[in-house]
Amino acid sequence: MGALIQARDLRRTYRMGGMDVHALSGVTLDIEAGAYVAVMGASGSGKSTFMNMLGALDQPSSGQLIINDIALHERSADELAAFRNQTIGFVFQQFNLLARTTALDNVGLPLLYSGMATKERHARAAHCLEMVGLGDRMDHHPSQLSGGQQQRVAIARALANNPRILLADEPTGALDSRTTQDVMAIFDQLNREGITLIIVTHEDEVGAHARRQIIFRDGHVLEDRR
Ligand SMILES: Nc1ncnc2c1ncn2[C@@H]1O[C@H](COP(=O)(O)OP(=O)(O)OP(=O)(O)O)[C@@H](O)[C@H]1O
Ligand SMILES: [Mg+2]
């Protein structure tokens, strides 16, 4: 069995106004289970495109992508949706929480979609909020929480389905340096507990938390530092 994530000559081309934009132009790499990776590089270098492939939010134009022994490039839309729910958690720069919904119900939402009964769902959501240090904020709405706390709710939500892989695209981009430290401490802890963590960042200080830095340029890997 190979690495948890195996990308082979991954390409993604967008057709824009009669022109081809090569967002990814041949990415080959392996990421091992339990890895802590920072994806870095200039704006437009293909970082988010790469993350969207890993999370099966988008499919490659060509190349192979095998995650958890599943060949994503060969799967149907339904199979990809199931893969996403079971294997991947996402965290974004904007926390994307529902404004009129408590922290507990925001975290429970993915479990509602997967059909979990109410009591079990609340218990699981409460556990995830405790994991990010917000056990005492379960009934708060997003507007009653700081930016860092809102991002921690979003992390708890990403953990709800107990994913093997957590993908975070500029998760500290909207946070000040102190709350960035709080959020990074949670990521560090989750990785110590075994989750495979891949974080896109422009900040060296965030990238330094990872044990591997993959630098993109013009749709390919410029540098891979461990
Ligand atoms: N849906 C799309 N349609 C057309 N072109 C796109 C699309 N998404 C991305 N691109 C182009 O693909 C390239 C890579 O974009 P991507 O979003 O992956 O960059 P990025 O490294 O995440 O940048 P940033 O740091 O600004 O978030 C860019 O040239 C971008 O304009
Ligand atoms: Mg991006």
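**View 1. Helices α4 and α5 meet in a right-handed crossing.** Handedness here follows the convention that a crossing is left-handed if the near helix is turned anticlockwise from the far one by less than a right angle, and right-handed if clockwise. In this predicted model, local features need pLDDT of at least 70 and side-chain atom pairs count only at pLDDT 80 or more, while totals for chains, interfaces and linings use all residues. Residues are numbered from 1 along each chain as its sequence is written, chains are lettered from A and ligands numbered from 1 in the order in which they are written, and side-chain values use heavy atoms, with hydrogens and water left out. Helix α4 (residues 118–131) packs against α5 at an angle of about 130°, the axes being 9 Å apart. That angle makes α4 oblique to α5, given that angles under 35 degrees count as roughly parallel, over 145 as roughly antiparallel, 65 to 115 as roughly perpendicular and the rest as oblique. Axes are lines fitted to C-alpha atoms, for helices over the stretch in contact, and angles run from 0 to 180 degrees between N-to-C directions; helices (H or I, at least four residues) and strands (E, at least two) are DSSP runs, numbered from the N terminus.

View 2. Helix α5 (residues 147–159) and helix α6 (residues 177–192) have axes that come within 9 Å and cross at roughly 20°. This makes α5 roughly parallel to α6, and their crossing is right-handed. Helix α3 (residues 103–113) also packs with α5, their axes coming within 7 Å and crossing at roughly 30°; α3 and α5 are therefore roughly parallel to each other, and α3 passes α5 in a right-handed crossing.

View 3. An oxygen atom of ligand 1 lies 2.6 Å from a side-chain N or O atom of Ser43. For Lys47, a polar side-chain atom is 2.7 Å from an oxygen atom of the ligand, whereas Gly46 places a backbone N or O atom 3.1 Å from a ligand oxygen atom.

**View 4. The shell around ligand 1.** Of the 14 residues around ligand 1 (a heavy atom within 4 Å), those coming nearest are Ser43, Gly44, Lys47, Ser48 and Thr49. Elements β1 (5–16), β2 (19–31) and α1 (47–54) each supply at least two shell residues, and α1 gives the most, with three.

Note on methods
Polar contact = N/O pair within 3.5 Å; in protein donor to acceptor, adjacent residues only side chain to side chain.
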